[in-house]
Amino acid sequence: MAQTYQLIESVTLESNTASINFSSIPSTYTHLELLIQARSTHTQPNDFVILRYNGNSTAGAYAYSSLQVLSGYLTTENGSVNSSTFTGFCSISGDNNQSNIFGISRIVIPEYKNTSVTKTGFAVGNSAYGTGFESSITIQGLYWNNTAAISSIALLLNSGTNFKTGSTFQLYGFTKA
Amino acid sequence: MTEIYTIADINCETGEQIERPMTQEELTAHLERQVQAQADWEVHQAELAAKEQVKASALAKLAALGLTEEEAAALII
């Protein structure tokens, strides 16, 4: 089989929306990738996208680690959060920011359908921060303490009520050669 | 203005995209999670602040030993 990288689904919000849920994800790929370009209604310079798989919100089911570089300085290092009900924590733009600024994140979830492995992943992101276009660059390690095949991914916000109109979410699938 | 809580459901098998209001159960879970997330974040920020205090104390002690600011900073990440 030739190696492929295919768009599975794409959505651009036409109104503010609290949660994005990709369901019935085909099991025909080897790895998944999410590309997010989003802005939150949270009235701070930035907000964070969180992920849940297969509707699982059990306490302690997830963990994550995060590094944040703000304006060239390492400002935050998060250890794994115990008893987390989600993973992710990818930085995007908040609403106390210059207009039309959207944060971007790329999330890779390898072997999403392989029931022999606990699900891990990583994310990289960048969001403009403050009025001087400073960058909040984030790198996350993602962890779901479960070997089930991932068939749905829900995206929510850590603090804001809604993703803003114009935010885009694209789910891609990889197959290996 | 009252915020409206909606979910965009994207069925990857059929391509159907539906935007619908959260059910009461989903809304309750969503709001509870946000409260918990905020609490978790505040705990984490307090932990970071405590680490910064320890770092500042260590730098002050190194300075008292005669190290320059650059030398002390080279020893502490």
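This is a predicted model: local features need pLDDT of at least 70, side-chain atom pairs count only at pLDDT 80 or more; totals for chains, interfaces and linings use all residues.
Chain B contains two helices and two strands. Along the sequence, the elements of chain B follow the pattern β-β-α-α. The C-alpha trace of chain B spans about 70 × 25 × 20 Å along its principal axes. The radius of gyration of chain B is 24 Å, whereas a compact globule of 77 residues would have a value near 11 Å. Buried residues account for 5% of the 77 residues in chain B.

The two chains touch. In the contact between them, 23 residues of chain B meet 24 residues of chain A. Three elements of chain B each supply at least two residues to the side that touches chain A: strand 1 (6-11), strand 2 (17-21) and helix 1 (24-64). Helix 1 of chain B gives the largest share of that side, nine residues. Sorted by class, the side of chain B that touches chain A holds nine nonpolar, eight polar and six charged residues.

Strands of a sheet pair through backbone hydrogen bonds, and the pairing is either parallel or antiparallel. Here, an open sheet of six strands has the order 7(A)-4(A)-11(A)-2(A)-1(B)-2(B). The pairing in this sheet is mixed. Strand 7 of chain A and strand 2 of chain B are the edge strands, and each pairs on one side only. From one strand to the next, the twist averages 20°.

Strand 2 of chain A (residues 19-23) is where the sheet passes from one chain to the other. Five bridges join this strand to strand 1 of chain B, and the two run parallel. Within this pair, A:F22 has B:I10 as its bridge partner. Three bridges join strand 2 of chain A to strand 11 of chain A (residues 153-157), and these two strands run antiparallel. In that pair, A:I20 stands opposite A:L155 of strand 11.

A:I25 lies in the loop between strand 2 and strand 3 (31-38) of chain A. Is A:I25 buried or exposed? A:I25 counts as buried because 26 C-beta neighbours lie inside 10 Å, and the cut-off for a buried residue is 20 or more. Leaving aside residues up to four places away in sequence, A:I25 touches A:I150, A:S151, A:S152 and B:C12. A:I25 and A:S151 are 126 residues apart in sequence, but their C-alpha atoms are 4.9 Å apart in space.

Most residues other than glycine have a negative phi. A:N100 is not a glycine, yet its phi is positive, at about 70°. A:N100 sits in the loop between strand 7 (87-93) and strand 8 (103-109) of chain A. A:N100 is exposed because it has 9 other C-beta atoms within 10 Å, and a residue with 12 or fewer counts as exposed. A:E111 also has a positive phi, near 50°, and is a residue other than glycine. The loop that holds A:E111 lies between strand 8 and strand 9 (119-129) of chain A. With 17 C-beta neighbours inside 10 Å, A:E111 counts as partly exposed.

Notes: Residues are numbered from 1 along each chain as its sequence is written. Chains are lettered from A and ligands numbered from 1 in the order in which they are written. Two residues are in contact if their C-beta atoms, placed from the backbone, lie within 7 Å. Helices (H or I, at least four residues) and strands (E, at least two) are DSSP runs, numbered from the N terminus. Ala, Val, Leu, Ile, Met, Phe, Trp, Tyr, Cys and Pro count as nonpolar, Asp, Glu, Lys and Arg as charged, and the others, Gly among them, as polar. Two strands pair if DSSP finds at least two bridges between them. The radius of gyration is taken over C-alpha atoms; the globule rule is 2.2 Å times the number of residues to the power 0.38. Axes are lines fitted to C-alpha atoms, for helices over the stretch in contact, and angles run from 0 to 180 degrees between N-to-C directions.
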